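Here is a friendly walk through one structure, in questions and answers. Have the sequence and the 3D view at hand as you read.

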Amino acid sequence: MLGRIVDWIDERAKVRDLYQSQMVDYRVPKNLTFPYVFGVLALITFAIQIISGIILMMYYKPIIAHAFDSANYTIMKEIPFAWLFRHIHAAGANFFLAVVYLHMFTGIYYTAYKKPRELTWIVGWVIFFVLLLTALSGYLLPWGQLSYWGMVVTTEIPTSLKDAPILKGLFGAIGETVSIWMKGGFTLGDIALGRFFALHVLFLPLTLMALLGIHLYLVRAAGISNPEGVEIDKKKEGVPFHPYMTLKEGAFAMGYLAVFFFFVFFNMSHFLPADNFEPADPLKTPPHIAPEWYLLAFYEIFRSIPSKFWGFIAFNLALVFLLILPFLDFSPIKSARKRPLFFIMFVVLVISSMALTILGLMPPTPANAKLGLLFGAGFFLFFLSLPVISFLEWGWYKAKGGQE
Ligand code: HEM
């Protein structure tokens, strides 16, 4: 019966040809290591976020009189199992960013951003940026103390820059206007909530879907890199995507989902902080407001620099350097496995990023600020060293007659 249904569809939609060309004839290197799975895990998490988000949207009310109660009473207590989808969605946001960071670090380690995959990286960067905006807009929706005050701090950034030297000229004139525009008024209220709701449930997810389509098309067009950094003749040396990759990735996906649901059922306090179960109160600032963990490294780069102007520039430069990474590294050699100097700098980048994230959570003492500066320098050193390393590696490459 099932076979006849597939035959019927196939006669009209040629699904078997599609399956053959995209799953079987499409070949991937056989030496892909475990970290190559993070892209697929991100994809799975995206699907989880869309499904759980649609269910939450059915019961959430984006007006300030009801937002907090709809999230914390209707969803958490009234509708059967809606609490489960809130847990899944909140854990999913954190897991999503974690696997995307791991995916980015994998791309950096294997220098997968290099030719012919520069565009895949650039579109990936845009996805990362949109993902951060999606997380930021979603954070406001439960209208708890952390949601509210986190957004107050974010929307006040343009105003606060008006006191920074040099930026004074630009932000002095428009800073406050931009802040008011972001909030939709002098304070955060229904207008802001409605806007962030529309962005979070429709505009940003649709943008992400479109970008993901382009990203995956580019991965297919350029072919997946491989840990040795040598482009292979996939017809001769590759293995069919199905069943080799699908089974391997499927096995990792099972393990990932087991860890994911362990957190959803038994360790939710990490993802739904207690402070946010208190309704937003514009008259009571909570004692500690820090950005979510996935923003802390960038936040610490900004915070540890004593001048707001240079902090602002460094914060933006950190993002820009990530974007232009494929053009900073013009070495003919790919993969950290074959590039000892690059490997050392990669370790510096990983340690600096982790240290900045930890420091972002600590109180802003002078000693912490110094450490922040040190690890911030480590972060930038990675990017600045790339042209030098590339230059040296070109020399070695030529000296060996074009051999790695
Ligand atoms: C929602 C987020 C993302 C999803 C679902 C996603 C998905 C994928 C998938 C499925 C692959 C192919 C398998 C693999 O190599 O892992 C891939 C490859 C790639 N992605 Fe992403 N990605 C995302 C974000 C990013 C970001 C933020 C970057 C970088 C800034 C990026 C850069 C790359 C690169 C360079 C490749 C090619 C890897 C290679 O050929 O070895 N991706 N992505």
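## Cavity, ligand shell and a few residues

Q: How many cavities of 30 Å³ or more does the count come to?

A: This is a predicted model, and the cavities in it were counted with a size limit of 30 Å³ or more. By this rule, the count is one cavity.

Q: What volume does the largest cavity have?

A: Its lining is made by Thr-33, Phe-34, Tyr-36, Val-37, Met-245, Lys-248, Glu-249 and Phe-252. By class, five of these lining residues are nonpolar, one is polar and two are charged. The volume of the largest cavity is about 40 Å³.

Q: Which residue has a polar side-chain atom 2.5 Å from an oxygen atom of the ligand?

A: Of the 24 residues around the ligand, those that come nearest are Tyr-36, His-103, Gly-124, His-215 and Ser-225. Tyr-36 places a backbone N or O atom 2.9 Å from an oxygen atom of the ligand. His-103 has a polar side-chain atom 2.7 Å from a nitrogen atom of the ligand. The polar side-chain atom at 2.5 Å from a ligand oxygen belongs to Ser-225.

Q: Which helix gives the most to the shell around the ligand?

A: The shell around the ligand has 16 nonpolar, seven polar and one charged residues by class. With six residues, the element that gives the most to this shell is helix 6.

Q: Is Ser-331 buried or exposed?

A: Ser-331 sits in the loop between helix 14 (325-328) and helix 15 (340-361). Leaving aside neighbours within four places in sequence, Ser-331 is in contact with Lys-114, Arg-339, Ser-390, Glu-393 and Trp-394. Its relative accessibility is 5%, and buried means under 20%, so Ser-331 counts as buried.

Q: Which class of accessibility does Phe-375 fall into, with a relative accessible area of 22%?

A: Phe-375 is found in helix 16 (residues 366-399). Not counting residues up to four places away in sequence, Phe-375 touches Ile-351, Ser-352, Ala-355, Leu-356 and Leu-359. Buried would need a value under 20% and exposed one over 50%. Because 22% lies in between, Phe-375 is partly exposed.

Q: How far apart are the C-alpha atoms of Phe-375 and Leu-359?

A: Leu-359 is among the residues that Phe-375 touches. Along the chain, Phe-375 and Leu-359 are 16 residues apart. The separation of their C-alpha atoms is 9.5 Å.

Q: Which backbone oxygen does the side chain of Ser-352 reach at 2.6 Å?

A: Ser-352 has its place in helix 15. With a relative accessible area of 3%, under the 20% limit, Ser-352 is buried. Beyond residues up to four places away in sequence, Ser-352 touches Phe-375, Gly-378 and Phe-379. At 2.6 Å, its side chain reaches the backbone oxygen of Val-348.

Q: At what distance does the side chain of Asn-368 reach the backbone oxygen of Pro-363?

A: Asn-368 lies in helix 16 and, at 12% relative accessibility, counts as buried. Pro-363 is one of the residues that Asn-368 touches, along with Glu-300, Leu-359 and Met-362, when residues up to four places away in sequence are not counted. The side chain of Asn-368 reaches the backbone oxygen of Pro-363 at 2.7 Å.

Q: How far apart in space are Asn-368 and Ala-355, C-alpha to C-alpha?

A: In sequence, Asn-368 and Ala-355 are 13 residues apart. In space, C-alpha to C-alpha, the distance between Asn-368 and Ala-355 is 11 Å.

Conventions
Residues numbered from 1 in each chain as written. Predicted model: local features only at pLDDT ≥ 70, side-chain atom pairs only at ≥ 80, totals over all residues. Heavy atoms only, no water. 1 Å grid on protein atoms, 1.4 Å probe; cavity = no way out; pocket = protein on both sides within 12 Å on 5 of 7 lines; lining within 4 Å. Points joined across faces, edges and corners; volume = space filled by probe spheres on them. Nonpolar A, V, L, I, M, F, W, Y, C, P; charged D, E, K, R; others polar. Helix = DSSP H or I, 4+ residues; strand = E, 2+ residues; numbered from the N terminus. Buried < 20%, exposed > 50% of the residue type's maximum accessible area, 1.4 Å probe, protein only. Contact = heavy atoms within 4.5 Å. Near = heavy atom within 4 Å. Polar contact = N/O pair within 3.5 Å; in protein donor to acceptor, adjacent residues only side chain to side chain.
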